[in-house]
Each structure stands twice: as structure tokens, then as C-alpha cells.
Amino acid sequence: MLSSILKECKEQWIKAKHNKKHPFRFFTLATIAPEGSPNLRTVVLRDFDSETLSFTIYTDLRSRKVMELEQDKRAQFLFYDPKRMLQIVVGVSLMKSNKNDLIYKSIPEQSKKDYAAEKSPGSKINSPESVEYNFSKGHFVRLIFKAETMEYLRLKRPTHLRAFFSLDDNWEGTFLVP
Ligand SMILES: Cc1cc2nc3c(=O)[nH]c(=O)nc-3n(C[C@H](O)[C@H](O)[C@H](O)COP(=O)(O)O)c2cc1C
């Protein structure tokens, strides 16, 4: 039963990287600011490796999340499937951060905008139209995180289902009181 829960999660992440409408396609990434406060934002799941339990996102090298992850590699992901009332919280550590020119070149121009603003993300501007882009420069970065823990919670009747898995116990897992 525990191993089938883990298997099901992996299958859903594999589906999410191909299916743009999958509820796990977008998820919440939490990082820790240098002064210790949490910061949350939505990101897109770009890749998932079920062997290494690693997750990939794309972002702008100059964004706050990158600065925070440089200081503290720990982060958390929150996935939520409203139809199944399923929540998964994954504790991760940043494994790799690389500027991958091949991927950046393959991205359509409209989407390149997400990584090519002249000013850094979060800079003040006078209007949304005043943003200028430099596509040749680009500040694209690929972040790869490795899972260390995973907590699964599915609300259902007659009994909710909560389970915790960790790399430390070789992902064997244990059930928890919901
Ligand atoms: C639907 C949606 C998807 C998003 N996907 C990404 C993404 O894949 N990568 C990213 O860097 N920001 C993405 N964002 C923007 C982030 O939520 C965030 O606002 C931005 O990255 C700046 O975050 P930071 O200043 O905390 O680094 C997305 C926002 C929304 C609403």
C-alpha cells in the first residue's frame, strides 16, 4: 500500500510534465529568505525524473528565488489536486543550477520574454508596457531539485490517508494520523 502511494505520485508527476492541464503542472515553491522568512510562488514543472526523484523548473537567474537558494538550498514544493482532494508536500534540496543555452534557444520568442527583461524581475516600472527585452542576452536558468522527503495527504471518506516518506529510510514510508 505505501509503495503504491509513492508509485502513484511518480506516475502523476510523469503525466504532469507532458500534460499542460494536469493539476501538478503548476505547483508552489517555497524558499527561505536570508533573514529566515518564507517566500512562496507558483512555478511550472518542466521535468521530472522518477529514478532520482528530481524536479526541474525554469526561471530568471536574477530572481529572488535564485538568490535565496544560493544562500540556502532547502525548499518545499506543494502540489494540490482539487478533484481528488490530494495534497503532496515535497521537501527538496537544490541539486543543480545551470544556464542551458540549448534549452533557451529552443524556447519560442514569446516565452523567452520570461527570462529576457532588461531590468531584473521585481524592479519598479511605470507601466506594464514599458518592459524592454534583450533576447540575445537572456537570463534563463534551469534549476534541478532532489526530493528528500514527501508527505501525502488525501482527504476521503471514511478515512483520510496520510503518509510520510523520506530518503533517509529509503522511501519505505509510514502512515500518519491525518
Ligand atoms: C501560473 C504561473 C506560473 C508561473 N511559472 C513560473 C515558472 O515556471 N518559473 C518562474 O520563475 N516563475 C513563474 N511564475 C512567476 C512566479 O510565481 C514568481 O512571481 C516569479 O518567479 C518571481 O518570484 P521570486 O521573486 O520569488 O523569485 C509563474 C506564475 C504564475 C502565476
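Two residues count as in contact if their C-beta atoms, placed from the backbone, lie within 7 Å. This is a predicted model, where local features need pLDDT of at least 70, side-chain atom pairs count only at pLDDT 80 or more, and totals for chains, interfaces and linings use all residues. Numbering runs from 1 along each chain as its sequence is written.

**View A. I88 and its contacts.** Skip the neighbours within four places in sequence, and I88 is in contact with C9, F79, M150 and Y152.

**View B. The largest nonpolar core.** This core (buried Ala, Val, Leu, Ile, Met, Phe, Trp, Tyr and Cys residues joined through C-beta atoms within 7 Å; buried means 20 or more other C-beta atoms within 10 Å of a residue's own) has 27 residues, and F77, I88, V90, V92 and M150 touch the most other members. At least two residues each come from α1, β1 (26-32), β5 (74-81), β6 (86-98) and β7 (140-154). Helices (H or I, at least four residues) and strands (E, at least two) are DSSP runs, numbered from the N terminus.

**View C. Around the ligand.** Of the 14 residues here, R41, T59, S63, R64 and K65 come nearest (a residue is near if its C-beta atom, placed from the backbone, lies within 6 Å). Two or more residues of the shell come from each of β2 (38-44), β4 (54-60) and α2 (64-71), with β2 giving the largest share, five.

**View D. K15 on helix α1.** K15 sits in α1 (residues 2-18). K15 and F48 are 33 residues apart in sequence, yet 9.5 Å apart in space, C-alpha to C-alpha.

Terms used: Buried ≥ 20, exposed ≤ 12 C-beta atoms within 10 Å, placed from the backbone.
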